[in-house]
Amino acid sequence: MENDLNLKATELRLGLPGSDEPERQMTPRPNKRTLSDIVSEGSRSTTEEDHQDNAPPAKVQIVGWPPVRSYRKNCLQGKKDEVEGGTGMYVKVSVDGAPYLRKIDLKVYRSYPQLLLALENMFKLTIGAYSEREGYNGSNYAPTYEDRDGDWMLVGDVPWEMFISSCKRLRIMKGSEARGLGCV
Amino acid sequence: MQKEMAYSFPDEVLKHVFSFIQSDKDRNAVSLVCKSWYEIERWCRRKVFIGNCYAVSPRMVIRRFPEVRSIELKGKPHFADFNLVPDGWGGYVLQWIAEMAGAYPWLGEIRLKRMVVTDESLELIAKSFKNFKVLVLFSCEGFSTDGLAAIAASCKNLRELDLRESEVDDLSGHWLAQFPETCTSLVSLNISCLGSDEVSFSALERLVDRCPNLRSLQLNRAVTLDKIANILRRAPQLVDFGTGNYAAELQPDVFSNLAGAFSSCKELKSLSGFWDVVPAYLPALYSICPRLTSLNLSYATIQSPDLIKLVSHCPRLQRLLVLDYVEDSGLEELASSCKDLQELRVFPSDPFGVEPNVSLTEQGLVAVSLGCPKLQSVLYFCRRMSNAALVTIAQNCPNLTRFRLCIIEPKTPDYLTLEPLDAGFGAIVEHCKDLRRLSLSGLLTDHVFEYIGTYGKKLEMLSVAFAGDSDLGLHHVLSGCESLRKLEIRDCPFGDKALLANAAKLETMRSLWMSSCAVSFGACKLLGQKMPKLNVEVIDETEPPDSRPESYPVDKLYIYRSVAGPRFDMPPFVWSMDEAVKILH
């Protein structure tokens, strides 16, 4: 525990923008503090024991270990959650005004309410409920999707199964554009 | 004396003879025979390979070899693949392109690995070289589809465009449509790294249609299974094909269309891609399996039974890349079905999981070593190993040239005896006399390095992590491995002594990488001072190394030989130990 405090005090989490912050914890700052231990013979085990005592119960990732390239890691993310070794259905989700895109696996959801709740949680916004007549009236946001034909549709207009098989990507629109949708 | 030599063989004859000598090593040897041979050879050298772009400057290359048509450059050190080299470190190709644009108007081939390539560089290539034929960007980054559009539009006789494993900023899929209708020369196109859902498929189809010499095509993940048949029917002459997504709901007509399309490809020998596989579609490949020599299923999250079924149809397989879902049982089947196997790579499906998620152990590799006598190249991720298994593998496969073992948990001992794996790896280097590349893992003491120094006489590249006890380990390697070119070390207790004692050795190598070791800043400075032909670079992202005592270890160290002197494109977190540069930095 003492060492946890030390780690935090030396700001091990700082790194260049884009570096994985949790992973930085495993940089060998403990090694640096016991430099003489490392260099002299036989003391390596001392450093290791210290290390193990200090290691948190959960597995801490070491930077660059195991040596697997990032594009391989990206391919495997999300696979663990799947029951069968089948396919994921990843679509990009953009939110007007947000600088980054997210990707979600549509197969994980079973219904529109589930999907909308996930989007609300992911982007910290309120979409509300869909109604056939008024769309997402009352909300500042309207979730839309691009279908196979390249047309932009309001999420909820078609049955869920049809949506799943035709949705290519999602865009959560904002503001007056959003409020205009759904008013057929 | 030289004049007499010149009269005995006119230059044209020598030039003609030299034109049959393609290998760099041989060319270099030729150039050392005498001054006139050096002169003749340098004027007719057409291909240059530069293993470290900072070892020499563009100007020097151009000055010595004025008539180059093909160049290959490598940039970042190998550990950059695992995020150990910070962004912005270097490896920029622009300066090279700019200087070659003026000097080599007939440059036709550029092959780059781990370099930063901007759209500006690509546009410059497109503008400058009228006879441009081959562009290979292997693990590169820094460019977007805009740069690709420039290449596509301008390079009238483009033969090869290979973007394998590069990071491309996908702005638009329309770049493919930039290939003019008159472009019919493509032989190889690899866009597997592109993420875009918008790769213009119709443009791709038209391109494939009009390129009758297309032999190698790797699609990206966004291309769906139903599109494969279309492409294959347009290019039945393909030898090497990478699918996109291999998943769809099983539909009989789609299946039979796909199977038919594959069977019409009589030359197809190599398959890859296979993202998101639905196993029910694998039998569509059965007609070509008997001819397959290379299969990359390393993205396919299919389970062992399906893998076994597929592999058992491929008796001619020489190269297999697969996830550890193959399990020991799958590798046993591989060993009995694929007697021609030369290369095996098994990747981890769950590299960060604590518990094993699949039944893949050392047994699988032992089985392959037993059943596949031609095995030469191994990359194997697993969670346990024993000395006994390694000894068995070494004895079964004395022809191994590349052996890379990654036991996922650092410092894992022999699971049977709880001893270090020194003896096992020792057996590998002792029995495999042609071993050129070795990656170590597991619990290892200085002894393993003693074996490596004693037996690893042909070893060219060694990767070490979390191993060794003292400087003696490093000393064994540096003093014993005569052929060593690249050494990369992380998280090992190696310090100043071995490095300084073997400083001269470093000039015979391409490069040395050491991170999270115990080399002091003082030693780095000393090396920089004493060895002018070495660039000694210290990388530290948190604070300048001279803000701490000299005895403090540096975070990361990259040493490479160079005739170009220290580089001038270092970012703020890289410090050169060269005396002159230090003052100015």
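**Ground rules**

Helices (H or I, at least four residues) and strands (E, at least two) are DSSP runs, numbered from the N terminus. With that in hand I placed B:Val187, which sits in the loop between strand E7 (167–169) and strand E8 (188–190) of chain B. What I have open is a predicted model, where local features need pLDDT of at least 70 and side-chain atom pairs count only at pLDDT 80 or more, while totals for chains, interfaces and linings use all residues. Residues are numbered from 1 along each chain as its sequence is written, chains are lettered from A and ligands numbered from 1 in the order in which they are written, and side-chain values use heavy atoms, with hydrogens and water left out.

**Confidence**

I checked pLDDT, the predictor's confidence in each residue, from 0 to 100. Chain A averages 65, and 54% of its residues score at least 70. Over residues 1–57 of chain A the pLDDT is below 50, and beyond near neighbours in sequence this stretch has 50 contacts in the model (a contact means heavy atoms within 4.5 Å). Residues 78–87 of chain A are also below 50, with 18 such contacts. For chain B I noted an average of 94, with 97% of the residues at 70 or above. For the complex, the predictor gives an ipTM of 0.90 and a pTM of 0.79.

**Back to B:Val187**

Is B:Val187 buried, exposed or partly exposed? I use these cut-offs: buried is under 20% relative accessible area, exposed is over 50%, and partly exposed is in between (1.4 Å probe, protein chains only). B:Val187 has 26%, so I wrote it down as partly exposed. Leaving aside neighbours within four places in sequence, B:Val187 is in contact with B:Arg159, B:Asn213, B:Leu214, B:Arg215 and B:Ser216. I also looked up the spacing to B:Arg215: 28 residues apart in sequence, 5.3 Å apart in space, C-alpha to C-alpha.

**Chain A, overview**

I counted nine helices and five strands in chain A. From the N terminus the elements go α-α-α-α-α-α-β-β-α-β-β-α-β-α. Of the 184 residues of chain A, 39% count as buried.

**The sheet in chain A**

Strands of a sheet pair through backbone hydrogen bonds, either parallel or antiparallel. Two strands count as paired if DSSP finds at least two bridges between them. E3 (residues 141–146) of chain A and E4(A) run antiparallel and are joined by three bridges. There I found A:Glu146 opposite A:Trp152 in E4(A).

**A:Phe163**

A:Phe163 is in helix H8 (residues 160–166) of chain A. Its relative accessible area is 0%, so I marked A:Phe163 as buried. Not counting residues up to four places away in sequence, A:Phe163 touches A:Leu106, A:Tyr112, A:Leu115, A:Tyr145, A:Val155, A:Val158 and A:Leu170.

**Chain B, around H13**

Which residues of helix H13 (residues 327–337) of chain B are buried? I listed B:Asp328, B:Gly330, B:Leu331, B:Leu334, B:Ala335 and B:Ser337. Their cover includes helix H12 (304–311), strand E13 (319–323), strand E14 (343–347), helix H14 (362–371) and strand E15 (377–382) of chain B. E14(B) is itself mostly covered, with four of its five residues buried. E13(B) and E14(B) run parallel, joined by five bridges. B:Leu320 has B:Leu344 in E14(B) as its bridge partner.

**B:Ser576**

B:Ser576 belongs to strand E23 (residues 574–576) of chain B. At 7% relative accessibility, B:Ser576 counts as buried. Its side chain reaches the backbone nitrogen of B:Asp578 at 3.1 Å.

**From the record**

In an unreviewed entry, UniProt lists residues 9–50 of chain B as "domain: F-box"; such annotations may be inferred rather than shown by experiment. I looked at that span in the model: 62% helix and 10% strand, with its end C-alpha atoms 31 Å apart.

Terms used: A polar contact is a pair of N or O atoms within 3.5 Å; within protein, one must be able to donate a hydrogen and the other to accept it, and residues adjacent in sequence count only if both atoms are side-chain atoms.
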